[in-house]
Amino acid sequence: MTEDVLGAIEPLAAAAPFASSRRHQIADWLREQIVKGVLAPGAQLKQDVLAAHLSTSPGPVREALRQMESEGLVHHIPNRGAFVAAVSADELLGVLLPVRLAIEQFAVEKASAAPAVLAELGRLVELMDKAALVDDLEQLNELDVQFHETIVKSAHSEHAMQLWTSVQPRIRMQIHRLAKRHDSPFAIPEEHRALLEAITTGGPDTRRAALDDHIVASARQLLAAAQPD
């Protein structure tokens, strides 16, 4: 971890009120830096450097790094230390997205039958429109996550939420990284509007196919797209 990287994240660190629950606060802070790409895949996370930067002791940092490892955002290499984890295209398409798709296809039937859920999904799409107008990609990404988490929550299934929680940090990370490859920020609300239309008016097969196209086929296209400068 270089001084340049620390300089980039210093305002967030200074604003974090690390008090009694330092491990959780440091974990929340680290998660945001990793998910949003401030700490890039492969970056080494040195306990002593982070502790000094955050004006805390190494203990809470060590515990927070262990939590990040359990979420799949950090991996530990023996005798070398902790590093920001990378998710390969094969892992994304072969593991994470199929798990995500199965969870959402299970939950979407409940969502389609709940007017309050459909109204909330519509509200989130409208907020995406507003974020696209001001080119706020970070807000678009977070609204994207909220849209899909709303679908999962509509199932009222403890097991579905446990599975979602286990992959959500890595899903958020990939949403943030792939969003830059869209031709336009307006593509994000348009894709979600089309998905909402399928959820609202389609039958079970239509809803499942729409989710497959939205989650898996779209990711394949974005992975194949040239990265922006």
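Reader: How many residues does the largest nonpolar core have?
Author: This is a predicted model. Among the residues with the most contacts inside the largest nonpolar core are Leu30, Leu97 and Phe147. The core's total is 59 residues.

Reader: Where does this core lie, and why?
Author: Domain 1 covers 22-84 and domain 2 covers 89-226. Both give residues to the core, so it lies between domain 1 and domain 2.

Reader: Which residues is Phe147 in contact with, leaving aside its neighbours within four places in sequence?
Author: Phe147 is one of the buried residues of α7. Contact here means heavy atoms within 4.5 Å. With those neighbours set aside, the partners are Leu121, Leu124, Val125, Met128, His192, Leu195 and Leu196.

Reader: Which helices do the buried residues of α7 pack against?
Author: Buried here means under 20% relative accessible area. Leu143 and Val145 are among the buried residues of α7. The buried set packs against α5, α6, α8, α9 and α10.

Reader: What span does α7 reach from its first C-alpha to its last?
Author: The helix has 17 residues. At 1.5 Å a residue, 24 Å is expected. The model comes close to that, at 24 Å.

Reader: Which residue in the turn between β2 and β3 has a positive phi?
Author: Strands β2 and β3 run antiparallel, joined by four bridges. His75 has Phe83 as its bridge partner in β3. Three residues separate the strands of this hairpin, and the one with a phi of about 70° is Asn79.

How values were computed. Residues numbered from 1 in each chain as written. Predicted model: local features only at pLDDT ≥ 70, side-chain atom pairs only at ≥ 80, totals over all residues. Heavy atoms only, no water. Core = buried A, V, L, I, M, F, W, Y, C linked by side-chain atoms within 4.5 Å. Buried < 20%, exposed > 50% of the residue type's maximum accessible area, 1.4 Å probe, protein only. Domains from an automatic or database assignment. Pairing = 2+ DSSP bridges. Helix = DSSP H or I, 4+ residues; strand = E, 2+ residues; numbered from the N terminus. Expected span 1.5 Å × (residues − 1).
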